[in-house]
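The structure comes before the notes.

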Amino acid sequence: MIAEPGGTPSGGRYGEAVFGPEAAGEGERIDYGALAYDEFTMARLRALGAGPGWRCLDVGAGTGTVSRRLLEEAGVASVLAVDRDVRFLGERLVPGLEVLEADITAPDFDPGRFLLVHARFVLMHLPEHERLIARLAELVAPGGVLVLGDAVDLTSDRAPLTPYTVVMRAMWQGLRAAIGTDVSWVPSYPSLLREGGLAPVAAEIYVPPLLPGSPISRFWADTWERSRKPTTATGQVDDDAIDEALRYLGSDDCAAVSAGLLTAWGWKPEDSSR
């Protein structure tokens, strides 16, 4: 798929051109990511006060691990889990979990107001970042908090050249051309939240260690396999290079830094007219 000027894809979205939910093993790939990041995410949500009495919105809920843990561990009152395809959510329902199949980019998306609005690994795949962040901020009830998490790429030009860094750089480029994935703007989260009328705002980064057989290593292995076509379409790597990177990732020779999860949050003033 050819990218239009400015890096916008000419067609295709996450879950369509790449990472289709109907593909065998896609739920397991998502769960590997959850195993790598959920503890960090839940620690932050609980530190922000998520607990009894809170009505929560989990955007792009995937297989629902965060939604269920909010109910079962934090004890929130309810969670509305939203995704464009809810097949994985419907498999694991628990009391207090409501599932909504919807597109958050639709102009009429308005599921109500919530003390917690959470989205992880969602906005990086969508255009109109500023508009969507402002829209999600509107869904936060006065006194509530918007929490956004997305990937930050740590394979800069200064990173050592290894099979891992070569494929990761090609993957980000290929996904941007195919489905519009763009992580370059993620460090601007705090300022975008502030521009959305939230204060105070803050952010932190977590980088899970790449160890052979670890959840994050298995997540990247599966992700490379499922994104071979757009990755090789960049011309930077071929299938042999991806196979070499897979072997490297699963070995004790691997000396690399995974993409991090940047989590940023901002509070809606009690007097939301301020």
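Is F121 buried, exposed or partly exposed? F121 is partly exposed, as its relative accessible area is 27%; the classes are buried (under 20% relative accessible area), exposed (over 50%) and partly exposed (in between), with a 1.4 Å probe and protein chains only.

This is a predicted model, in which local features need pLDDT of at least 70 and side-chain atom pairs count only at pLDDT 80 or more, while totals for chains, interfaces and linings use all residues. Residues are numbered from 1 along each chain as its sequence is written, and side-chain values use heavy atoms, with hydrogens and water left out. Helices (H or I, at least four residues) and strands (E, at least two) are DSSP runs numbered from the N terminus.

**Salt bridges**

- The count is 18 salt bridges, where a salt bridge is a side-chain nitrogen of Lys or Arg within 4 Å of a carboxyl oxygen of Asp or Glu.
- E26 and R29 form one of them, with the closest N and O atoms 2.8 Å apart. Both residues belong to helix 1 (residues 26–47) and sit three residues apart, about one turn of the helix. E26 and R29 are both buried.
- R120 and D38 form a salt bridge with an N to O distance of 2.7 Å. R120 is in strand 4 (residues 114–120) and D38 in helix 1, so this pair ties together parts that are 82 residues apart in sequence. Both R120 and D38 are buried.
- R87 and D85 are joined by a salt bridge, their closest N and O atoms being 2.8 Å apart. R87 is partly exposed because its relative accessibility is 38%, and D85 is partly exposed because its relative accessible area is 22%.
- A network of salt bridges links D110, R113, R135 and E138.

**Strand 1 and its partners**

- Strand 1 (residues 55–59) is mostly covered, with four of its five residues buried.
- Strand 1 pairs with strand 2 (residues 78–83) in the parallel sense over five bridges; two strands pair if DSSP finds at least two bridges between them. In this pairing C56 stands opposite V79 of strand 2.
- From strand 1 the chain passes through helix 2 (residues 65–74) to strand 2, a β-α-β crossover that is right-handed. The term right-handed applies if, with the strands pointing away from the viewer, the path from the first strand over the helix to the second runs clockwise.
- Strand 1 also runs parallel to strand 4, to which four bridges join it. L57 stands opposite V117 of strand 4.

**Cysteines**

- A search of the whole structure finds zero disulfides, a disulfide being a pair of cysteine sulfur atoms within 2.5 Å.
- C56 counts as buried because its relative accessibility is 1%. C254 is also buried, at a relative accessible area of 15%.

**Nonpolar cores**

- The largest nonpolar core has 64 residues, and L123, W220 and W224 have the most contacts inside it. A nonpolar core is a set of buried Ala, Val, Leu, Ile, Met, Phe, Trp, Tyr and Cys residues joined through side-chain atoms within 4.5 Å.
- Helix 5 (residues 163–179) supplies the largest share of this core, nine residues.
- W220 touches Y164, M168, M171, W172, L210, L249, S258 and A259, not counting residues up to four places away in sequence; contact means heavy atoms within 4.5 Å.
- A second, separate core of 22 residues includes A61, L70, V86 and V145.

- Most residues other than glycine have a negative phi, and most peptide bonds are trans.
- F121, in the loop between strand 4 and helix 4 (129–138), has a positive phi of about 55° although it is not a glycine.
- F19 is in the segment before helix 1, and its phi is near 65°, a positive value in a residue other than glycine. F19 is buried, with a relative accessible area of 7%.
- The peptide bond from A199 to P200 is cis, with omega near 0°. P200 is placed in the loop between helix 6 (189–195) and strand 6 (201–206).
- P107 is in the loop between strand 3 (97–101) and strand 4. P107 is exposed because its relative accessible area is 80%. The C-alpha atoms of P107 and L71 are separated by 29 Å, and the two residues are 36 residues apart along the chain.
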